[in-house]
Amino acid sequence: MKKFLPWIGLLSRLILGGVLLAAGLLKYQHLDKSQMAVRAYEMLPIALANLLGIILPFLEIAVGVLLVIGAAVRISAIVGGVLMGAFMIGIAQAWARGLSIDCGCFGGGGVIDPSLASEVRRTYFIEIMRDLGLALAALYLYFFPHGKFSIEKAAPLTKE
C-alpha cells in the first residue's frame, strides 16, 4: 500500500489543483459576475462580498498552480480545504434558506429563475458532495504532501 501513496498524492494534487485552477480561470475574466455570485449567497455585506468576488479567482488560481506543480503542497492543501469547507457552508446555507442560486463555482452564478428551484436544490447536494470529495483530497495532501512529480521532495527520514 505504501508504494501507492505517492501516486494517490499526485492524483489528489491534480484533481484538487485542477478544479481550483479551472474555477479561478473561468472567473477571473469576469470579476463582475464573480462578485454577483458571491453576493447571491446573501451571507456578507455587499462591499465584503464584492471584495471576495475579486480576490477568490486569483486565490483559486494561485493555489491550483501550486498544487499542480507540487509546491507548498501542505499549505496549499490547507487553503484548498478551507475553501472547500467555506463553499460547502455557503451552498448548504443557501439550500437551507431556500435560495435559488447558481453556485458560481465555475463562473457565472447569481439568482436563478424561481421556476427552476427544484432542479437547483438537487444540484446543491451534488455540489456539496463534490466539495466534500475535494476537501478529503486536501486532507490527504495535508498528511501526505510528497507525491509523484512534485517539486517538493520528501524530507529524509533520518538525520545525518
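A search of the whole structure, which is a predicted model, finds one disulfide. This disulfide is formed by C103 and C105, whose sulfur atoms lie 2.1 Å apart. Both C103 and C105 are buried, where buried means under 20% relative accessible area, exposed means over 50%, and partly exposed covers the values in between (1.4 Å probe, protein chains only).

Because the model is predicted, local features need pLDDT of at least 70 and side-chain atom pairs count only at pLDDT 80 or more, whereas totals for chains, interfaces and linings use all residues. Residues are numbered from 1 along each chain as its sequence is written, and side-chain values use heavy atoms, with hydrogens and water left out.

The secondary structure of the protein comes to five helices and two strands, these being DSSP runs numbered from the N terminus (H or I and at least four residues for helices, E and at least two for strands). Read from the N terminus, the elements follow the order α-α-α-α-β-β-α. The C-alpha trace spans about 65 × 30 × 20 Å along its principal axes, and 39% of the 160 residues count as buried. The protein exposes about 9200 Å², of which carbon and sulfur atoms supply 73%, the areas coming from the Shrake-Rupley method with a 1.4 Å probe and, for residues, with only the protein chains shown counted as cover.

Among contacts (heavy atoms within 4.5 Å) between residues at least 6 apart in sequence, 75% join residues at least 24 apart. The largest nonpolar core has 26 residues, and those with the most contacts inside it are L16, L20, L67, I101 and L141; such a core is a set of buried Ala, Val, Leu, Ile, Met, Phe, Trp, Tyr and Cys residues joined through side-chain atoms within 4.5 Å. The elements that give two or more residues to this core are α1 (5-28), α3 (46-69), α4 (73-96) and α5 (117-143), and α5 gives the most, with eight residues. Leaving aside its neighbours within four places in sequence, I101 is in contact with A40, Y41, A94, G110, V111, I112, V120 and Y124.

Q35 has its place in helix α2 (residues 31-40), and Q35 counts as buried because its relative accessible area is 16%. Apart from neighbours within four places in sequence, Q35 is in contact with N50, G53 and I54.

Most residues other than glycine have a negative phi. In E42, by contrast, phi is near 55 degrees, a positive value in a residue other than glycine; E42 lies in the loop between α2 and α3 and counts as partly exposed because its relative accessible area is 48%. Phi of F149 is likewise positive, near 55 degrees, and F149 is placed in the segment after α5, where F149 counts as exposed because its relative accessible area is 62%.

In the loop between β2 (110-111) and α5 is found S115, which counts as exposed because its relative accessible area is 57%. S115 and H30 are 85 residues apart in sequence, and their C-alpha atoms are 26 Å apart in space.

How values were computed:
A disulfide is a pair of cysteine sulfur atoms within 2.5 Å.
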